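Here are my notes for a colleague who is opening this structure for the first time. Please read them with the model on screen.

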Amino acid sequence: MKKTLSLLLAAVLLCGGLAGCSAPVQEEEGPGNAGADVQNQPPEAVATVPEETEGFSDGLEDRDFGGRIYTVLYRDEAEHLREITAEELTGDVINDAVYNRTVELQQRFNMELGLLPVSEGSLNNTFSNAVSAGDHSFDVGFQHMILTASLASAGVTLNWYDMPHLDFEKPWWTDATKELAVNHIMYVTASDYCMNTFEMTWCLIFNKEMMTNLIIEETPYDLVREGKWTLDAYYNMVKGVSNDSNGDGKMTDADTYGINSYGSPWLASVSNYWWACGESISKFDEDGMPYFAMDSEKTYAIYDKMYALLVNDDIAFMDQTSGKKMIFWNGQALFASMMVRDVEVNRDKELSYGLVPYPKYDELQEKYLTQVDGHASMMALPVTLTEDDRDFVGTMIEAFSAAAYSEVIPAYYETAMQTKFAQDETMPLMLELIRQGRVFNFGYVYDPAINRDILVNLILSKGTDLASKFVSAKKITNKAYEKILQDFD
């Protein structure tokens, strides 16, 4: 199946799936167009998938650890257990791939997997108390991304660069290995082992029937394939869709919209428009030090486009009810913001839909990018691991990460191909573009909380005064970085 899937995705990439290889149409001028140089040829949308895994090697030697227990501390919820292991075979493709990974690695290394589940709110205390007591009750902790920062500042986490057997250049390691490291010190990170760094990325889904009825000739799939899926192209597609369907003279949840998004509680559905354009809370200077980077000319241009999409002209309906009024599923919106996991959960819906990444800033942007929601897991290591512990734990983490890449991720795409989760042959390619475009950022993990929601709060309040917000945020952030960076000396 994995070889067949790889070939299929390659074919889809060459001739995008929903509407075939249609000719491009002239793109209209969008809101706040910054005037990209159209003389330059944009990069093509390129994605690769895990290759045929027969003969796949993680580069590790087979070893006998004499039945040693490898224990994972994690949040006691089903979606987080699925990252670590599965309790039994159920016939579900993803579940069984995770289960088989555990069995295979236990046999290969003569080890046993141990589980230490605790509530999300208790995990940091459990981690810190174990380190303080010298209690070797676990080998690695999987915690909420944002909450890992306080573990690092507490001095209880080990530098990942002090671990043997980890090859951060391998494709199962994410960009977190670059974006969360300072002075060659990295206290938290993520590989494909952290499966919900993929499932908790943001995407857009679109109503195929509405797309047909609106006579939109060049579909989002076509535009993604051609590298032309931009904020302006998106705006031109949604700007004339909204209408007072019931004729009561006001726009409510009974009407039709171009966009259905969250106003609460998943605010990243809004901020991801900014992240997808290549901007971030922090960037690194020439000395490798992070600095507050939100106050850029490009951010102002992006915000203008976001405002046009999400505030002006009733284009967007913002659900404030934790998803209870995601009217997209009723056929009332052309597009909706979703995490990948939400699309999977709603795979029983009768609506015919497609899935694409959030749009790029312009055609010259190299990749389609997407923010990893802060609820996703990242890994941290207890600083008390001995040299012998590190040899064992490093082997386990590299092995489980590599197997996630070679076995679990392909199973995810296989599930997408065999269920209503994927209603066309193009969706697995879109999922891989999203997985490869995951964004991790030092500022998102370590910054004061205000920076994560500046743009969102302004959009929801229909505000436009970015400049004053950034003046205050920059001052707070610079002071915070002075303190945070002491931990990276």
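1. Start with Asp314. Its relative accessible area is 41%, so Asp314 counts as partly exposed. Note that this is a predicted model. Asp314 sits in the loop that runs between α12 (297-310) and β9 (316-319). Its phi is near 55 degrees, a positive value, and the residue is not a glycine.

2. The loop between α5 (148-153) and α6 (176-179) holds His165. With a relative accessible area of 34%, His165 is partly exposed.

3. Look next at the bond from Ser264 to Pro265. This peptide bond is cis, and its omega is near 0 degrees. Pro265 belongs to the loop between β6 (257-262) and α11 (268-275).

4. Two aromatic residues, Tyr262 and Trp266, form a pair. How are their rings arranged? The centres are 4.8 Å apart and the planes stand at 75 degrees, so the pair is edge-to-face. Tyr262 has a relative accessible area of 3%, so it is buried. Trp266 is partly exposed, at 24%.

5. Aromatic pairs in the structure number 38. Phe206 and Tyr221 make one of them, edge-to-face, with 5.3 Å from centre to centre and 75 degrees between the planes. Phe206 is in strand β5 (residues 202-207) and Tyr221 is in helix α9 (residues 220-225), so this pair ties together parts 15 residues apart in sequence. Phe206 and Tyr221 are both buried.

6. Now the nonpolar core. The largest one has 157 residues, and the members that touch the most others are Tyr70, Trp160, Trp229, Tyr273, Phe335, Ile397 and Tyr446. Which helix gives this core its largest share? Helix α14 (residues 387-418) does, with twelve residues. As a general point, nonpolar side chains in soluble globular proteins tend to be buried together.

7. Leaving aside neighbours within four places in sequence, its contacts include Met111, Leu113, Val140 and Tyr193. Phe392, Val393, Met396, Ile397 and Phe400 are also among them. So are the acidic residues Glu112 and Asp139. Tyr70 also belongs to a cluster linked by ring pairs, together with Phe65, Phe109, Phe142, Tyr193, Phe392 and Phe400.

8. Two charged side chains sit over rings. Lys360 lies over the face of Tyr368, 4.9 Å from the ring centre. The charged end of Arg452 is placed over the ring of Tyr444, at 5.8 Å from its centre.

9. Check Thr90 for its polar contacts. Thr90 is located in the loop between α2 (78-84) and α3 (93-109). A polar atom of its side chain lies 3.2 Å from the backbone nitrogen of Asp92. The side chains of Thr90 and Asn95 are joined by a polar contact of 3.2 Å. Beyond its neighbours within four places in sequence, Thr90 is in contact with Asn95 and Asp96.

10. Finally, the cysteines. How many disulfides are there? The count is zero. Cys203 is at 0% relative accessibility, so it counts as buried. Cys277 is buried as well, at 0%.

Conventions: Residues numbered from 1 in each chain as written. Predicted model: local features only at pLDDT ≥ 70, side-chain atom pairs only at ≥ 80, totals over all residues. Heavy atoms only, no water. Core = buried A, V, L, I, M, F, W, Y, C linked by side-chain atoms within 4.5 Å. Buried < 20%, exposed > 50% of the residue type's maximum accessible area, 1.4 Å probe, protein only. Helix = DSSP H or I, 4+ residues; strand = E, 2+ residues; numbered from the N terminus. Contact = heavy atoms within 4.5 Å. Disulfide = S-S within 2.5 Å. Polar contact = N/O pair within 3.5 Å; in protein donor to acceptor, adjacent residues only side chain to side chain. Phe/Tyr/Trp six-rings, centres within 6.5 Å; stacked < 30°, edge-to-face > 60°. Lys NZ or Arg CZ within 6 Å of the ring centre and 35° of its normal.
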